[in-house]
Amino acid sequence: MVAQGRLLCIQNHLAMVCDGLWAINSMIEIPEMGVLYNYIWHHRFNSPLDVPVEFADWVTDVATAVIDVGELLSRIMDWEASLHFRHVILVELKEMLRDLNSLVLRGSAMGLPRDPMGSMNPLREDYSIVLKNEVVGRHEDLEKLIEIFQQQQLVPSNNNGDDYNPFVIVIDGEERVGKTTLAYMIYHHTWVRQQFHHRIWVDLPLSVSTLKMINIIGKEFAKSINNEEYCDQKLHLELLLQAMWEYINEQLDGSRYLLVLHCLDLNRLISQPKWSELKNILLRVGGPGSAVLVILKSSTQSVSDMSFQNEVKDITTYCLKPLSDDAWLELFKRHAAMIIPPSKRDIVFKGGTFAMPLFQLVGQTFGAKFWGSLGHSIQVEDLFPCEIKDIHMVRNFPFAIVRLLQYHYLLDKDYNVILHMLTAEGLIPVEGLSPGWTEIYERFHYGRVSTFCFPRKVYLHRKVPGDSTSIPRCCRYLHLEINPRAIPFRLPTMPVEVSKKMIALILREDEATTQEDIAEMTFQVYKKRRTKAATAISKFLDKMSVRLVHLHILVVETSMIQCLPNEISKLVSLRYLHLSKLEIELLPKSLFDLPNLQILSLLHCKNLQKMPGRIHKLKKLKILKLAYCTKLQQLPRSITRIKNLEELNVEGCCFLRKLPEDLVSFKSLRILNVAGCASLSQIPHGIEQSIGLRKLSRIFVGVNEGFVLTQLQVLTNLQEIRLQNLERAEEIQIEVLMGQQSLWDLSLHWGGEKKEESSESTTSLQVLEALRPSLQLKRLEIISYKGVEFPTWMSKQQLAGFNSLVEVRLINLKRCATLP
């Protein structure tokens, strides 16, 4: 962001915005703690909320300002948009500065003290002064770690030729004891500054891939090298990893570095493959004496039990113990003194009521700050020990999980739309959530944490029923229920300040009400009301399209709309457009003038007859979903000119006759779904040349399409395969899936036309015998299999080799008498 701002000559404005955010950050802790505590208490014991109105309003306005700043910065990072809207961005930056300054003044007027440790970027050089004055009880740990680094500097190089093997320290310890703060103290220590020519701090996101992790670390290395012009011009162009690390090695020229890796999941970071690949790169850069410091944001198991120690040489584990009782009490008093009036301090401190509130919290720096901030108004003996952990978890949610919870609130369980919304915001890849993310989501959503995090996390998100006409000023993500029963039918009028900053808008028809209307009303009354509602929705979209210039996500699900307004092209920031069940026959040409559209989803638009040839104008399009557009007969040839397309879904397009012959032009295509395309006579030849195809989902196999299975052998990166209508496939002579070493999900579906029972059974067995998967398979699904017995590769002896198999689904196997 800084590099981009320098290129646009707005770095001074961005610097002032950052200063305003740090000023607010230093004041937010006390009201934030109060709001969180009261919401926990309210939801646990159904007690009345006891939060000062001015505090709650201030926290809400702060969150609104932060959301707006983040949205603006995302547009600044878009180079093309920044050039075109530079003057608009400057105006918005000035407005944001005014709002941030106003929030700081309001906080000061409420008597909110500033926390020095939250008042500036911890990587700033003068942050060492703050650490020296504010940290309690950690200087002995600091000196011990510095001594370990110093001793390592004196150790001669090993005899294995590994002269540049970086020395690794992992700081282990419980949650909230101050591991990150101790790492900052090391980072700013005078001896470290003198001995290490480059200090690189990297905050790694959760569940990051090896490639992305190495890319993130490489960029931070490059930015630490004093060559701003190179960083501005080269880093923006997304250099190949090899070129980036060659540049880093050239610039370091044998000098020592200290790399600090701040991560959420130590086990994932230092798993053998990831760590080995990262270590091999680090061996090639820097000089002897370089070091890596690893810290974990949350708690972990004992590092001494981890297998990676056998793979990493010169690794040292430092276990950070909880604060001593005296240090904990001193830290508590410091924070309590900021808000407790001097006249009451003697009573609080001498009385000892809050000296040792809960044994589980003693030793935790976060606990001392929390109780110090609220100690004057909370009866500690009434609070369960687990509460402090819950509050800490809410404050430290991964951003993608926060968004996932918010969208779940807005859209209930429509996970496909939710995942696309996350993809449009750049939080997850096109393939969706990895298993690791899913586990965390289940933990937070279904655990008790979610019961109290929503009131705080969703105040910028509103679900407005059809009869409501008011929208909160702070709303940025809005769900409007369309209810044609309202007489006269009206949609809320969004205030100008809201519509200008709206990020997501969801319009959904109330299906339950619609079904009741069909059952209760006469056809004439029902049709009349639907016509009025359709007119109102069209006018609303027409009016809002001009004003919603910053809208990222638009979801419209209703059968009342027969055409889209041409003004939809005004949504220049739109990234995700989801249109479902619309009665439209043709799409407006202006739709294909959206410069930033990444996902276009047209589901169950049963009257849509064709896609315009201008679709190639959507240069940033990554996902195109046309599922169950049953009147669609062909795709335009120009579709293959969309170079960034990663997913093409035409499932259920039963009259689609063929796909473009030059499908191989989709170099980025990873997901292809042609299930239920009954009129599709063949898959284009040459598909095996699309080496980037990673997940081929639900491919339709017809009676003359046996060649498709042999083509799959060449696609070596497939992870998931769906094969349908296998009863129409001819006998397959070779094992076509054995070479798919990356295949983890295989679904085989028979069904449809009836044949003579004996011949059908024999053919089915031969087909299934030939479809032997690789031993890496995790999930196997067989549906409506016509054979009497199972293939040899499903025998007891053969199945023993499938060590990764975790799920088997056998559905409607009417002729099989026994299982293997």
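Colleague: Which side chain does a polar contact of 2.3 Å join to that of arginine 508?

Modeller: In this predicted model, arginine 508 is placed in strand S8, residues 504–509. Beyond its neighbours within four places in sequence, the residues in contact with arginine 508 include Leu411, Asp414 and Glu557. The side chain joined to arginine 508 by the polar contact of 2.3 Å is that of aspartate 414.

Colleague: Does arginine 508 count as buried or exposed?

Modeller: The relative accessibility of arginine 508 is 14%. Buried means under 20%. Arginine 508 therefore counts as buried.

Colleague: Are the planes of phenylalanine 149 and phenylalanine 196 stacked or edge-to-face?

Modeller: Phenylalanine 149 lies in helix H8, and phenylalanine 196 in the loop between helix H10 and strand S2, so the pair ties together parts that are 47 residues apart in sequence. Both phenylalanine 149 and phenylalanine 196 are buried. Their ring centres are 6.2 Å apart and their planes stand at 80°, so the pair is edge-to-face.

Colleague: How is the pair of tryptophan 328 and phenylalanine 332 classed, stacked or edge-to-face?

Modeller: Tryptophan 328 and phenylalanine 332 are four residues apart in helix H16, about one helical turn. Both tryptophan 328 and phenylalanine 332 are buried. With ring centres 5.9 Å apart and planes at 5°, the pair is stacked.

Colleague: Which residue lies over the face of tyrosine 187?

Modeller: Tyr187 belongs to an aromatic cluster with Tyr127, Tyr184 and Trp201. At 4.6 Å from the ring centre of tyrosine 187, the residue over its face is arginine 199.

Technical notes. Residues numbered from 1 in each chain as written. Predicted model: local features only at pLDDT ≥ 70, side-chain atom pairs only at ≥ 80, totals over all residues. Heavy atoms only, no water. Phe/Tyr/Trp six-rings, centres within 6.5 Å; stacked < 30°, edge-to-face > 60°. Helix = DSSP H or I, 4+ residues; strand = E, 2+ residues; numbered from the N terminus. Buried < 20%, exposed > 50% of the residue type's maximum accessible area, 1.4 Å probe, protein only. Lys NZ or Arg CZ within 6 Å of the ring centre and 35° of its normal. Polar contact = N/O pair within 3.5 Å; in protein donor to acceptor, adjacent residues only side chain to side chain. Contact = heavy atoms within 4.5 Å.
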